[in-house]
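Here is a brief report on strand pairing and chain contacts. Keep the coordinates open while reading.

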Amino acid sequence: MLITRIVHATLGIMMLASITACGTLQTAPPDIINRTPDHVQASLVRVTVTSQNYIFHRPWQQRPPVTHTAIGVVVAGGQVLVNASIVANQRYIELETLDTQEKQPGRVAVVDYEANLALVEPVNAAFSTDRTPFALSDDAGIGEHLTVLQVKPDGDIISASGEITSVELGVYSLNNYFLTYRVNSSLQYRFNNQTLPVVKADGLAGLVLRHNAAGQTIEVIAAPVIRHFLLDARNGDYEGFPTAGFHFGQTLDPQLRRYIEVPDPIEGIYVQKVIKGGPADRAGLQAGDVITRIGAHELFNTGQYQDPLYGKTSAVHLIRTLAQVGDRITFTVYRDGALLPLDVILDHRRPDEYLVPPYIVDQAPEYLIVGGMVLQELSMPYLREYGNDWVTDAPIHLLYYQQNQDYLNGEEAREKIVIVTEVIPTPYTIGYENLNNVVVAKVNGKAIGKLGDVRTALASPLNGFHKIELRQHPRVLYLDPKELPMIDQIITQRYRIPIPPLGMDNKPMHPDRGSIQPDTNTAGE
Amino acid sequence: MQLSISSVLFKSGLILLLILCAMADVVAAGERIDTLRRSLVRIYTVAQSPDYSTPWAPGNASEGWGTGFVIAKKRILTNAHVVSNARFITLEKEDDARRYEARVKFIAHDCDLAMLEVLDPDFFKGTQALHLGAVPALDSTVTVLGYPIGGNRLSVTRGVVSRIDYRGYAHSGVDAHLVVQIDAAINPGNSGGPVIQEDQVAGVAFQGYSGMVAQNVGYMIPTPVIERFLKDVADGRYDRYVDLGFQHFPLINATQRRALGLGPGDYGVMVGEVMRAGAAYGHLETGDVLLAIDGLPIAGDGRVKMGNDRVMLHEVVERKFKGDSVALKLQRQGRKMTLTIPLNTPWPYLMQANQYDELPRFVMYGGIVFQPLSSGFYDVLPNRSVTLRYYFSQFLSEELYLEHPEVVVISKIFPDPTTSYLGGFTYGIVDQVNGEKVKVLEDLAAAFARPSDFYVIRLVGDPQPLVLEAGAAQEASQRIRRQYGITQTAHLKGSIVPPDWAAVR
């Protein structure tokens, strides 16, 4: 228990140190206990973001621009903390002070779409340097009161208070679970703000993650997650939230415990699957191991540890939030009747390291058009294009690949799943129009493990034709290399669809243009 | 009670209609009907369909009415769906108040036809057998007879032949055969009734569209399908349709034709997916070009000319029987060759087909019920995980039957002290028990029969083992059976998996 507090205290000190190091001339907030509303107002900034998402089913096209506003929090260094969802695929950011209504363009300094946090900074630093930054509050526990700050269009602040009814890991975006405060309160005003600060006393306790008006609950990104993010952001290159790379289950069932011969005093979690090449794999963790301790924290059979403030809390929190990328953590493992220490060096798993990337933001979807066939790598944003009911409406084989990507047979040694998403009808593609969502296995005899492989393989036609082998019916299709320029011309002229060059370079056409929102519904809608 | 008939007749949005016509318009026709009505039979069926969510239970009984007709040799034809899962059948005929008990003699669920026999030989007194005619021509007039909703007496409708095509048969859900579309009004209850042209049977009315979807679209089973059924059962049993077990890809793309070494013109289809459980496997290869089937040239869209019609090349195979072969002329990598392929029934289709007249297979052990994935089981699932949907819908196309010819699912876990922590395993697919692959339900039953301290069940895609302690589980089995009124712990009859596929290879 003590250990956790020490870790937190250390993080706090490091933050202060980094603030000084930034040389922002920032005086530390003298007394934030009784900050007046004016001070609060001076430390908040309205952030207006216009963003444009890509359409993954038509990867050459963007949706119409949409504009959202957020109430950002000035933190050390004059940067403004907001939810990441608002800056996803941003095209223009404008900051506005609440007290003086001064406006200035901003830019994204650091963004994390997994933890849904971003730092925005004004183009001209003077805009916010003399504004008092919010410091993070102490971590809040169950029963404490938090205040959500809303801002009226004229800049006045309205606050809503509520009690924390639970603290546990909740979904931030797809498959990303982080500490969440659940506050029982309602937000009276609907200003469509995608970020709202949550304060405790005069410190920042969190940001609203989502708001359930019917249930009068507000889910809040908890201070420890923000603390992790800010610390990482201040320490040079942003590295993200770490993972250890394994799946685990509970060891509650006595039948299971007797079978794996874990005596009753031993409590821990059952390792189901170790992701190949991940941190746990490198440390020697094996499926079937029982992890009894992570660092100094003893684990229960439920997969939780005893947190001094929140009570029983998922062990995921220990790895993803209380540790940083590069930290060495000792897992105590029960294997073959003995306890064994394994040092795991945590790492971040980037979205492009997944077989099916969970998100693709701030960059255009990569695609190729070869003889009218549109080729893309399967990704979550592609599946989500099937609408609100994508879980039922998206093609089932693609959903299955996405859901089971860590368990699919590994013998194919592919980095990505390349699919023909559609065939653009031209006189040359008659008879191919109905093809969609079929997996490309080989091109010209070469195995396809990523989109770039297609470019390479197209350099060497077989017997004068490009042979496209598919995993599904009709299994094989041919294209005439000599006809490709004619097909491309029809597509660019009749359909006005740009064709990415088939050269050997792998760069997408618009490297810094982006795609899709992480899975979050924020407050105030 | 009529409603229960319509539920029988409505499958996948298709309505089965019984046709009764108001024949008052033409006097001469009235005489004709006086003869025809002596062939008509009204069928009353009490069916009991299994409840896949409680596979040991007797199932739900329901009543239904349909139509049938007498053909030569004192046989009665109707639709399979009129008498599927029947426990009790009676027949009524025109001008006779008595009801005669009947039995199903042969039933063909893949082409929705059944033959009935009557226990009392007196039934046929005064009846007149109908003869089968030819496939009617487009735009010719047909008359439909039957007992649809809206009254109890014979109904007659008339229409023209609108289309002759190859279409899905709703009763099995996976079969497609020749159908004739007519525009005569068809309503639930007409199923199994004859469609008459020139006093001969042109087909059996069997399905249609709901009025919500389309107007005046009714379908009949044409005589080639009926004749095939009669010929198949001539040896005393019904053997199902046979197939080549591959998918063809039309060759209407000029580039594809050139790459495959074909000249311009309208001929040939490419072999696409070749099913490993199909007859063509080992004979045909992806990329082969089929040029002719049994001497009939194949056009680029996969059609062949039979008689006056252009029909899909499957039609050639459709008219064959178990044990028959088909001759294919093809071109492989520029070389022409001829192959003779013995036909079979590709069994993996049956997993997705609606099953009738079979009780659900299951095994219960230690409070856990295991059932193979099937159409009936899939239909009653309260929620369908991505994995279950994938295994059901992609069973053929992703060749999932190679590893799991039968997809054994944990369908229910009865609450009991031994199952307190097992709830999360519900709807998982069993991969192994104690390290042995479970390919079919029998493997699972055999694994539980082998003495062991633990039974460790590994599920597909979920590496947490489900562990049962043998002693505790056996005790629990007895307790749970008593507590939940489970009359039977296993039913293993009626597997669709052929023995050579069920064996571990």
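This is a predicted model: local features need pLDDT of at least 70, side-chain atom pairs count only at pLDDT 80 or more; totals for chains, interfaces and linings use all residues.

In chain B, strand β3 (residues 40–49) pairs with strand β4 (residues 60–71). The sense is antiparallel, over ten bridges. Within this pairing, B:Val46 sits opposite B:Glu63 of β4(B).

The two strands belong to a closed barrel of six strands. Its order is β3-β4-β5-β8-β7-β6 in chain B, paired antiparallel. From one strand to the next, the twist averages 40°.

## Hairpin in chain B

Strands β28 (residues 454–459) and β29 (residues 462–469) of chain B form a hairpin, with two residues between them. B:Gly461 lies in the turn and has a positive phi of about 70°.

Five bridges join β28(B) and β29(B) in the antiparallel sense. B:Tyr455 stands across from B:Leu468 in β29(B). How much of β29(B) is covered? Mostly: seven of its eight residues are buried. In general, side chains of a regular strand alternate between the two faces of the sheet.

## Contact between chains A and B

The contact involves 33 residues of chain A and 31 residues of chain B. On the chain A side, α6 (254–259), β14 (269–274), α11 (396–403) and β27 (476–479) each supply at least two residues. Which of the elements of chain A gives the largest share? That is α11(A), with five residues.

By residue class, the side of chain A that touches chain B divides into 18 nonpolar, nine polar and six charged residues.

Definitions and conventions:
Residues are numbered from 1 along each chain as its sequence is written. Chains are lettered from A and ligands numbered from 1 in the order in which they are written. A residue is buried if 20 or more other C-beta atoms lie within 10 Å of its own, exposed if 12 or fewer, and partly exposed in between; C-beta atoms are placed from the backbone. Helices (H or I, at least four residues) and strands (E, at least two) are DSSP runs, numbered from the N terminus. Two strands pair if DSSP finds at least two bridges between them. Two residues are in contact if their C-beta atoms, placed from the backbone, lie within 7 Å. Ala, Val, Leu, Ile, Met, Phe, Trp, Tyr, Cys and Pro count as nonpolar, Asp, Glu, Lys and Arg as charged, and the others, Gly among them, as polar. Axes are lines fitted to C-alpha atoms, for helices over the stretch in contact, and angles run from 0 to 180 degrees between N-to-C directions.
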